Amino acid sequence: VLLIDHGSRRASSNDRLLELASVYEQRSPDHYVVRAAHMEIATPSIEDGIRDLIETEGVGQIVCHPYFLSPGRHVQEDIPELVAEAIETLGVTIPIVTTDPVGSSLDVMINAIGTLVDESVRDLGGHEGRGQQQGASDREYKLGGFFGEVQRMIDEQID
C-alpha cells in the first residue's frame, strides 16, 4: 500500500503521513507493506515509493491511496499521471491500482466530523453529543445535531 499526500515544505506535515503509514501497517494484516509518498515538494516521491515497494520489499501488487479529502485535480489527474510515469520509468510489470481519496467516503467523513465536534463540545464543558452512544465505537457513531436531524428525515422517508 502506498499512501500518497500532496507533500509540504513543513517537515511535521510530511512526518504525519509517515506516522500514518506506520500505524496503518501495524494494524493491517501481516502480509501488507505500507509506505508513504508525496506528490510533490517532499521526498519520497511516488516513483520512489513504488520503487521501494517493488525492489526493497518485493511486493507483487501495489494499491496507491490518495490521502486527500476530495477528488480534485490532484486526485483525478496529477496522481494518476505520476503513477503512470513511474510505471513506465521503472518498467513495472506488477498490478498497480489507485483507490478513491480518503474523503470520498461520506460516512467516514461525517463520523470523523461528529467525533471531533463532540470532543470539542466536551472540551468547552458542554454535554456529550446527542448522537454519541456511550461506549459506541467510531463505526457505530450515531449522528447528532444538524446531521442527525438530516439522517432522521432520510430514515423516515426510506421507511
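Mentor: In this predicted model, a residue is called buried when its relative accessible area is under 20%, exposed when that area is over 50%, and partly exposed in between.

Trainee: With that in mind, how many of the five residues of β3 are buried?

Mentor: Strand β3 covers residues 62–66, and the strand as a whole is mostly covered. Counted by residue, the number of buried ones among its five is four.

Trainee: In what order do the four strands stand in the open sheet?

Mentor: The four strands form an open sheet in which the pairing is parallel. The edge strands, each of which pairs on one side only, are β2 (35–38) and β4 (96–98), and the twist from one strand to the next averages 25°. Read across the sheet, the order is β2-β1-β3-β4.

Trainee: Which residue of β3 is the bridge partner of Leu2?

Mentor: Strands β1 and β3 pair in the parallel sense over three bridges, and three bridges also join β3 to β4, again with the strands running parallel. On the β4 side, Thr98 has Cys64 standing opposite. For Leu2, the bridge partner in β3 is Cys64.

Trainee: Which helix packs on the sheet and touches β1, β2, β3 and β4?

Mentor: The helix in question spans residues 46–56 and touches β1 (2–5), β2, β3 and β4. Its direction makes about 170° with that of β1. This element, in which Ile50 also has its place, is helix α2.

Trainee: Is Ile50 buried or exposed?

Mentor: Leaving aside residues up to four places away in sequence, Ile50 touches Leu2, Ile62, Val83, Ala86, Leu90, Val92 and Ile96. One of these, Val92, is 42 residues away in sequence, while the C-alpha atoms of the pair are 9.0 Å apart in space. Because the relative accessible area of Ile50 is 0%, this residue counts as buried.

Trainee: Which residues form the nonpolar patch on the surface together with Val117?

Mentor: Val117 lies in helix α4, which runs over residues 106–123. The patch that includes Val117 has about 210 Å² of accessible area, taken over its members together. The residues that form it along with Val117 are Ile113 and Val121.

How values were computed: Residues are numbered from 1 along each chain as its sequence is written. This is a predicted model: local features need pLDDT of at least 70, side-chain atom pairs count only at pLDDT 80 or more; totals for chains, interfaces and linings use all residues. Side-chain values use heavy atoms; hydrogens and water are left out. Patches are made of residues with over 30% relative accessible area and no salt bridge: like charges are joined within 9 Å, nonpolar side chains (Val, Leu, Ile, Met, Phe, Trp, Tyr) within 5 Å. Accessible areas come from the Shrake-Rupley method with a 1.4 Å probe; for residues, only the protein chains shown count as cover. A salt bridge is a side-chain nitrogen of Lys or Arg within 4 Å of a carboxyl oxygen of Asp or Glu. Helices (H or I, at least four residues) and strands (E, at least two) are DSSP runs, numbered from the N terminus. Two strands pair if DSSP finds at least two bridges between them. Axes are lines fitted to C-alpha atoms, for helices over the stretch in contact, and angles run from 0 to 180 degrees between N-to-C directions. Contact means heavy atoms within 4.5 Å. Buried means under 20% relative accessible area, exposed over 50%, partly exposed in between (1.4 Å probe, protein chains only).
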